[in-house]
Amino acid sequence: MKVVLQNLTKVFPGRGKGTKDHVIAVNDCSFEIPDGELVGLLGPSGCGKSTTLNLICGLQKPTSGKILFGDDDVTDLPPENRGVGLVFQNYALYPHLTVLQNIIFPLQNLRGKEKLSRAQMLEKANRIAALVQIDGLMDRKPSELSGGQQQRVAIARALVKMPRVLLMDEPLSNLDARLRLQTREEIRRIQRETGITTVFVTHDQDEAMSISDRIVVMKDGVIQQIGRPQEVYNEPCNLFVAKFLGTPPINVFRASVKDGTLWIGDEAVLSVGGVADGNVTVGIRPEGFCVDENGPLTCTLRAIEVMGRDVTVVSANPAMEGTEIRSIISSDQDIHENKETVRFSLKAGKVFLFDWESGERIAFTETL
Ligand code: ATP
């Protein structure tokens, strides 16, 4: 089922008189989720992710704009008539019911043509339980399950009616790190097997990058960028997106351009064609540095962290933003820990220029 958001806006009125303290939680958002895709809504706390999800499922009404499921305009439909499955961070299972009873619960409310016999309900519940791999736990109560197992029950309950759209709001936040990783892979597998169009809300960029066909990055209710995870990582449209994606994060410097050359401090570090002279902000991905004793960028060496295949060089430069520069180099590059400085050459494809004031990306051409 294709899902389309058209100029969706949600304003929460303030408590006082007038519009002074109103909040524009979602601001003129438009995007399309192709049938069968998993879209990750990503952004910092308060950027409007959950509100967007609540608008799609119908728990909240938009101030303006439209929501379409396929060709159906569902903007004014109540949630129960939209055919959505919901999974939240707190699994919201009924504690007094068994796993089987929890999964069957949504089927018991079906009426008229949709009404199912007990045998049909059991058949559906068992099939979905096998899909999420909790079929051995059907007689347990939620309190007798681990967090990961409870979340699988919640997913099974959301899927049992075969919703048109599956909506998940931070479904992994209550799980420990290892279980998060395992459960997110499971969610991906289940989503692929069922082919249900899914919206997955998270503030965790690793999670969004690994699970999504496409990510939507939001800030202050406004969509910043939409694209395949690797595209957005490789081609961030602004400094916010560049900083939000990537671990370790992108390294940011105050810099300037003069006559087609990028300067960090008094070092000419890269040729950048087609850029007007003036101050710029530079972002360099950790993998954009090569240790090079004749390299143009000089930094103070602070530490070398060896992590198996890769080595992280921790260094500093007077023009950097933040507290340190983290660059990842391969372990076969030579670097001596007892040196006080380290010099780098830069990989142009991993260097981004941004407008000093607006943070918008500035394109440049590589010149030699
Ligand atoms: P988080 O990751 O912390 O859950 P979020 O990105 O999901 O954040 P939302 O919950 O959508 O953000 O909130 C967006 C903005 O709307 C926030 O500023 C929030 O305070 C505000 N907001 C959300 N719900 C309401 C409400 N019912 N009344 C007033 N303001 C609200």
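Cysteine 237 is partly exposed, at 23% relative accessibility. The model it sits in is predicted. Which cysteine sulfur is closest to the sulfur of cysteine 237? That of cysteine 29, at 13 Å, which is too far for a bond. A disulfide would need the two sulfur atoms within 2.5 Å. Searching the whole structure gives zero disulfides. Cysteine 57 is buried, with a relative accessible area of 1%.

Now step back to the whole protein. There are 368 residues, and 49% of them count as buried. The secondary structure comprises eight helices and 22 strands. The C-alpha trace spans about 75 × 50 × 40 Å along its principal axes. Take the contacts between residues at least 6 apart in sequence: 66% of them join residues at least 24 apart.

Helix H1 covers residues 49–57, and eight of its nine residues are buried. Leu53, Leu55 and Ile56 are among them. Just after H1 comes glycine 58, with a positive phi of about 100°.

Move on to aspartate 213. It sits in the loop between helix H6 (205–211) and strand E9 (214–219). Is aspartate 213 buried or exposed? Its relative accessibility is 17%, so it counts as buried. Its side chain makes a polar contact of 2.7 Å with the side chain of arginine 188. Leaving out residues up to four places away in sequence, aspartate 213 touches Arg188, Arg192 and Arg228, along with Gly36, Glu37, Leu38 and Pro229.

The model has one cavity of 30 Å³ or more. The largest cavity holds about 50 Å³. Its lining includes Ile155, Leu159, Leu166, Met168, Ile187 and Ile190. Gln191, Thr194 and Thr198 also line it. By class, that makes six nonpolar, three polar and no charged residues. Which elements supply at least two residues each? They are helix H4 (147–159), strand E7 (165–169) and helix H5 (177–194). H5 gives the most, four residues.

The largest pocket has about 880 Å³ of space. It is lined by 31 residues, and Val84, Gly85, Pro106, Arg157 and Lys161 are the closest to its centre. Strand E6 (84–87), helix H2 (99–108) and H4 each give two or more residues to this lining. E6 has the largest share of the pocket lining, four residues. The lining of the largest pocket has 19 nonpolar, five polar and seven charged residues.

The second largest pocket has a volume of about 210 Å³. Which residues lie nearest its centre? Of the eleven lining residues, these are Val291, Asp292, Glu293, Asp334 and Lys339. Strand E19 (residues 341–346) gives the most to this lining, with three residues. By class, the lining of the second largest pocket divides into four nonpolar, two polar and five charged residues.

How values were computed:
Residues are numbered from 1 along each chain as its sequence is written. This is a predicted model: local features need pLDDT of at least 70, side-chain atom pairs count only at pLDDT 80 or more; totals for chains, interfaces and linings use all residues. Side-chain values use heavy atoms; hydrogens and water are left out. Buried means under 20% relative accessible area, exposed over 50%, partly exposed in between (1.4 Å probe, protein chains only). A polar contact is a pair of N or O atoms within 3.5 Å; within protein, one must be able to donate a hydrogen and the other to accept it, and residues adjacent in sequence count only if both atoms are side-chain atoms. Contact means heavy atoms within 4.5 Å. On a 1 Å grid over the protein atoms alone, a cavity is a set of points where a 1.4 Å probe fits but cannot get out, and a pocket is an open set with protein on both sides within 12 Å along at least five of seven lines; lining residues have an atom within 4 Å of a point. Grid points are joined across faces, edges and corners, and a volume is the space filled by probe spheres set on the points. Ala, Val, Leu, Ile, Met, Phe, Trp, Tyr, Cys and Pro count as nonpolar, Asp, Glu, Lys and Arg as charged, and the others, Gly among them, as polar.
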